[in-house]
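Visitor: I would like to learn how to read a few features of a structure. Please show me the model and take me through them.

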Amino acid sequence: MRRTVSILAAAVIALAGSVAVGGPASAATPSLRFHGIQYDSPGKDTRSNASRNAEWISLVNSGKKAVNLNGYTIRDASNHVYKFGNVTIAGKGGRIWLHTGSGTNTVKNRYWGSGNYVWNNDGDKATLKNKSGKQLDTCSYAYKKNRVWIGC
């Protein structure tokens with residue numbers, strides 16, 4: 001089963017009354033926030049690199065200025081941590097995807113390098129922090145009794 005969450009999907013779920021809203025981004029970087037998550041890679045969980053890379057989380061920058069993510073982190077509820085190197089997310093809707101598996105980093109796609117899945121299929125919480133450790137945004141979801149609620 002495919003469980004992709006994006007802004008559009010979150011809006012649809014919100015209209016249905018089953019979405020929990022995540023916290024706002026900080027005043028220091030109000031334009032940088034989580035945009036979507038694919039927490040259950042499509043198809044069978046084979047633990048292959050391709051399957052792990054089909055699991056991802058994305059950030060969007062809706063501000064006018066680009067943001068350098070060097071030293072920023074994304075972590076899950078189990079404290080798996082990804083630390084960004086020197087990569088910049090463009091302003092005015094720039095987006096970047098963080099894939100769970102291994103690959104060649106590009107401007108828009110980064111790779112965690114994990115040998116296991118990171119995002120739990122039944123629910124998890126992602127936290128974005130800047131290089132000073134200040135929390136900027138969170139993305140939470142849960143899948144229970146065939147219902148999904150998302151706060152990204």
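Visitor: Are W112 and W119 buried or exposed?

Guide: In this predicted model, W112 and W119 are both buried.

Visitor: How should I read a pair of aromatic rings?

Guide: Two values describe such a pair, the distance of the centres and the angle of the planes. The ring centres of W112 and W119 are 6.1 Å apart and the planes stand at 80 degrees, so this pair is edge-to-face. Y82 and F84 also pair edge-to-face, with 5.0 Å centre to centre and 90 degrees between the planes. Y82 and F84 are both buried. Ring pairs join Y82, F84, W112 and W119 into a cluster.

Visitor: Which residues have the most contacts inside the largest nonpolar core?

Guide: In soluble globular proteins, nonpolar side chains tend to be buried together. Here the largest nonpolar core has 27 residues, and those with the most contacts inside it are L32, L59, L69, I74, F84 and W119. Among the elements that give two or more residues to this core are β10 (123-129) and β11 (135-144).

Visitor: How do β10 and β11 pair?

Guide: They run in the antiparallel sense, with seven bridges between β10 and β11. T127 stands opposite T138 in β11. The two strands form a hairpin with five residues between them, and G133 in the turn has a positive phi of about 90 degrees. In β11, eight of the 10 residues are buried.

Visitor: Where does pLDDT stay under 50?

Guide: Where pLDDT is low, the predicted coordinates should not be read in detail. That applies to residues 1-29, where pLDDT stays under 50. The chain averages a pLDDT of 83, and 80% of the residues score at least 70.

Definitions and conventions:
Residues are numbered from 1 along each chain as its sequence is written. Side-chain values use heavy atoms; hydrogens and water are left out. A nonpolar core is a set of buried Ala, Val, Leu, Ile, Met, Phe, Trp, Tyr and Cys residues joined through side-chain atoms within 4.5 Å. Buried means under 20% relative accessible area, exposed over 50%, partly exposed in between (1.4 Å probe, protein chains only). Helices (H or I, at least four residues) and strands (E, at least two) are DSSP runs, numbered from the N terminus. Two strands pair if DSSP finds at least two bridges between them. pLDDT is the predictor's confidence in each residue, from 0 to 100. Contact means heavy atoms within 4.5 Å. Rings of Phe, Tyr and Trp (its six-membered ring) pair if their centres lie within 6.5 Å; planes under 30 degrees apart count as stacked, over 60 as edge-to-face and the rest as tilted.
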